[in-house]
Amino acid sequence: MAEQAETLRRAPLSRDRILRAAVALADEAGIESLSMRNLAQDLGVVPMALYKHVANKDKLLDGMIDMVVGEIDPPVPGVDWKHAVRSRILSARQALRRHPWAPLAIESRNMATPAILAYLDSMIEAFRAGGFSADLTHHVMHAMGSRILGFSQELFDASRSAGRSGTTNPDPPAALPPEIAARFPHLAEISLAASHDDASVVGQGCDDQFEFEFALDLLLDGIERLQQQDWTSSRRTR
């Protein structure tokens with residue numbers, strides 16, 4: 001292993017090698033640990049050597065995001081739009097779960113990166129190929145929001161951070177104190193309605209993956225109904 005690490009350190013520096021090292025560093029220690037100096041030390045080079053391949057830290061982060069997006073499965077030919085869209089969104093979610101810093105990093109960008117634009121374009125293409133009008137597709141993309149990229153801003157998620165490492169799990173939230181449960185009985189009731197994943201960011205008793213797929217399927221079913229009805233925004237109630 002030591003010989004392999006030394007071989008990698010001696011490999012010629014390239015943009016791809018820099019980005020892979022940066023992704024690995026962010027995965028291990030969180031995005032807040034990433035600096036050009038730390039990355040250069042990890043690669044066994046001087047910091048100035050990095051700037052020949054990435055102009056600055058913003059460009060580095062853009063490249064890292066595009067590497068993560070590159071892990072999303074390509075479109076599957078010959079399947080209906082609903083299965084094609086669902087499978088790619090769940091593949092995107094798997095990619096982002098491997099890199100817990102990525103969702104907030106994506107949200108932090110003023111402009112979408114080239115890989116994200118290409119991914120969104122391909123998703124729009126899937127809807128259009130499925131018979132969706134441009135009008136309906138426009139509203140569908142708004143409705144899907146960040147879910148189209150495989151993540152969503154969950155309720156009660158105080159621990160959500162771009163720098164949260166995938167190597168540690170946050171403490172599960174404590175059960176509602178009796179006085180709070182008595183004051184908000186309906187909230188207390190649903191908090192105990194299901195029990196799946198104690199480390200969920202949604203709340204104790206919730207399974208993040210289940211809740212994501214549940215909402216995704218609700219959206220896709222509703223979207224399918226609108227498409228079958230030849231829905232158009234010109235007929236919407238104001």
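Student: How many contacts beyond four places in sequence does the model have for residues 201-205?
Tutor: There are 23 of them, but pLDDT stays under 50 over residues 201-205. Keep in mind that this is a predicted model. Where pLDDT is low, the predicted coordinates should not be read in detail.

Student: Ok, and what's the mean pLDDT of the chain?
Tutor: The mean is 84, and 77% of the residues reach 70 or more. Residues 161-173 are another stretch with pLDDT below 50, and the model gives this stretch 30 contacts beyond near neighbours in sequence.

Student: Switching topic: how many helices and strands are there?
Tutor: The chain has 12 helices and 0 strands. Written along the sequence, the pattern is α-α-α-α-α-α-α-α-α-α-α-α.

Student: And what share of the residues is buried?
Tutor: Buried residues make up 36% of the 238 in the chain. As for how the chain folds back on itself, take the contacts between residues at least 6 apart in sequence: 70% of those join residues at least 24 apart.

Student: Let's look at a helix pair. At what angle do the axes of helix 6 and helix 8 cross?
Tutor: Roughly 160°, and the axes come within 9 Å. Angles over 145 degrees count as roughly antiparallel, so helix 6 is roughly antiparallel to helix 8. Their crossing is left-handed.

Student: Which residues make that contact?
Tutor: From helix 6, you have Trp81, Val85, Arg88, Ile89 and Ala92. Helix 8 brings Tyr119, Ser122, Met123, Ala126 and Phe127. Sorted by class, that's 8 nonpolar, 1 polar and 1 charged.

Student: Is Ile72 buried or exposed?
Tutor: Buried, because its relative accessibility is 8% and the cut-off for buried is under 20%. Apart from neighbours within four places in sequence, Ile72 touches Arg88, Ser91, Ala92, Ala95 and Tyr119. Arg88, Ala92 and Tyr119 also turned up in the contact of helix 6 with helix 8.

Student: What about helix 2 and helix 3, how do they pack?
Tutor: Helix 2 (residues 15-29) and helix 3 (residues 36-43) pack at about 110°, with axes 10 Å apart. That makes helix 2 roughly perpendicular to helix 3. By class, you get 6 nonpolar, 1 polar and 2 charged residues.

Student: Next one, Thr137. Which residues is it in contact with, leaving aside neighbours within four places?
Tutor: Thr137 is in contact with Ile124, Phe127, Arg128 and Phe132. Thr137 belongs to helix 9 (residues 134-144), and at 3% relative accessibility it counts as buried.

Terms used:
Residues are numbered from 1 along each chain as its sequence is written. This is a predicted model: local features need pLDDT of at least 70, side-chain atom pairs count only at pLDDT 80 or more; totals for chains, interfaces and linings use all residues. Side-chain values use heavy atoms; hydrogens and water are left out. Axes are lines fitted to C-alpha atoms, for helices over the stretch in contact, and angles run from 0 to 180 degrees between N-to-C directions. Helices (H or I, at least four residues) and strands (E, at least two) are DSSP runs, numbered from the N terminus. Angles under 35 degrees count as roughly parallel, over 145 as roughly antiparallel, 65 to 115 as roughly perpendicular and the rest as oblique. A crossing is left-handed if the near helix is turned anticlockwise from the far one by less than a right angle, and right-handed if clockwise. Contact means heavy atoms within 4.5 Å. Ala, Val, Leu, Ile, Met, Phe, Trp, Tyr, Cys and Pro count as nonpolar, Asp, Glu, Lys and Arg as charged, and the others, Gly among them, as polar. pLDDT is the predictor's confidence in each residue, from 0 to 100. Buried means under 20% relative accessible area, exposed over 50%, partly exposed in between (1.4 Å probe, protein chains only).
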